[in-house]
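Subject: Structure for your review

Dear colleague,

Please find the structure below, together with its sequence.

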Amino acid sequence: MLKVLGRPNSVNVQKVMWLCGELGLEVDRVDVGGPFGGNDQPGYLARNPTGLIPTLEDGDFVLWESNTIVRYIAEAYGDDQWFPADRGRRAHASQWMDWYIASVHAPMTVLFRQLIRTSPEDQDAGAIEKARRQAANLWGILDGHLAGQDYLTGDQPAMGDIPAGAAVYRWFTMDIDRPEAPNLRAWYNRLNARPPYREHVMLPLT
Ligand SMILES: N[C@@H](CCC(=O)N[C@@H](CS)C(=O)NCC(=O)O)C(=O)O
């Protein structure tokens, strides 16, 4: 059975758990990180020297970096839908995964930490507004892309939907001004209809 080390309210853990749910995989998830700790312990650091979560164990095989874990699980346990058989479609899925981690994750992290994990009196309004504008512009790029299709790489969800899909729940759930983005909203609504998404991603923001 796959083992995932990481607390459930981490967006990076959610990516992995959501995909495992979609694929019907049995997973032993262990609470690590945040209030649970453990990720600074030698046993954990021997598996993942970054001290961050998640870490995947598949038997003796150990892997970290959530997008890489998503790619590995999609390839090892997924089908032609989740790990697209077509090379071009697979590359585009990877492209959106990298775009999320390289561009969207940073402003979304600022928003999440400021709005959810910082008391109102300590919040930095300037930092929030700057990150909100950056994130809005980036989500606008995805809104434009989704004008022609239901999911990021076609008419079915695939691994490329996972990182941005996990984060877009936070975008639509945080108390924040959002520009109209009808295609992004429609994609988010489609994800909402998926039980594994609801189970692993649509958790209270903490
Ligand atoms: N690039 C890494 C980032 C991992 C990361 O930043 N994880 C956060 C949680 S989302 C973490 O480990 N925080 C420390 C903790 O939870 O104790 C990945 O995608 O796996």
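In this predicted model, Leu 5 has Val 30 of strand 2 as its opposite residue. Further along the pairing, Lys 3 lies across from Asp 28, also in strand 2. Strand 1 (residues 2-5) and strand 2 (residues 27-30) run parallel and are joined by 4 bridges. Between them the chain passes through helix 1, giving a β-α-β crossover that is right-handed.

The sheet as a whole is open and consists of 4 strands in the order 2-1-3-4, with mixed pairing. Its edges are strand 2 and strand 4 (61-64), each of which pairs on one side only. On average, neighbouring strands are turned by 20 degrees against each other, direction ignored. Helix 3 packs on this sheet, where it touches strand 1, strand 3 (55-58) and strand 4. The direction of helix 3 makes about 135 degrees with that of strand 4.

Helix 3 (residues 66-77) also meets helix 1 (residues 11-23): their axes come within 9 Å and cross at roughly 10 degrees. Because angles under 35 degrees count as roughly parallel, helix 1 is roughly parallel to helix 3. Helix 1 contributes Asn 12, Lys 15, Val 16, Leu 19, Cys 20 and Leu 23 to the contact. From helix 3 come Ser 66, Asn 67, Ile 69, Val 70, Ile 73, Ala 74 and Tyr 77. By class, this contact of helix 1 with helix 3 comprises 9 nonpolar, 3 polar and 1 charged residues.

Yours sincerely

Technical notes: Residues numbered from 1 in each chain as written. Predicted model: local features only at pLDDT ≥ 70, side-chain atom pairs only at ≥ 80, totals over all residues. Heavy atoms only, no water. Axes fitted to C-alpha atoms, helices over the stretch in contact; angles between N-to-C directions. Helix = DSSP H or I, 4+ residues; strand = E, 2+ residues; numbered from the N terminus. Parallel < 35°, antiparallel > 145°, perpendicular 65-115°, else oblique. Contact = heavy atoms within 4.5 Å. Nonpolar A, V, L, I, M, F, W, Y, C, P; charged D, E, K, R; others polar. Pairing = 2+ DSSP bridges. Right-handed = clockwise from strand over helix to strand, strands pointing away.
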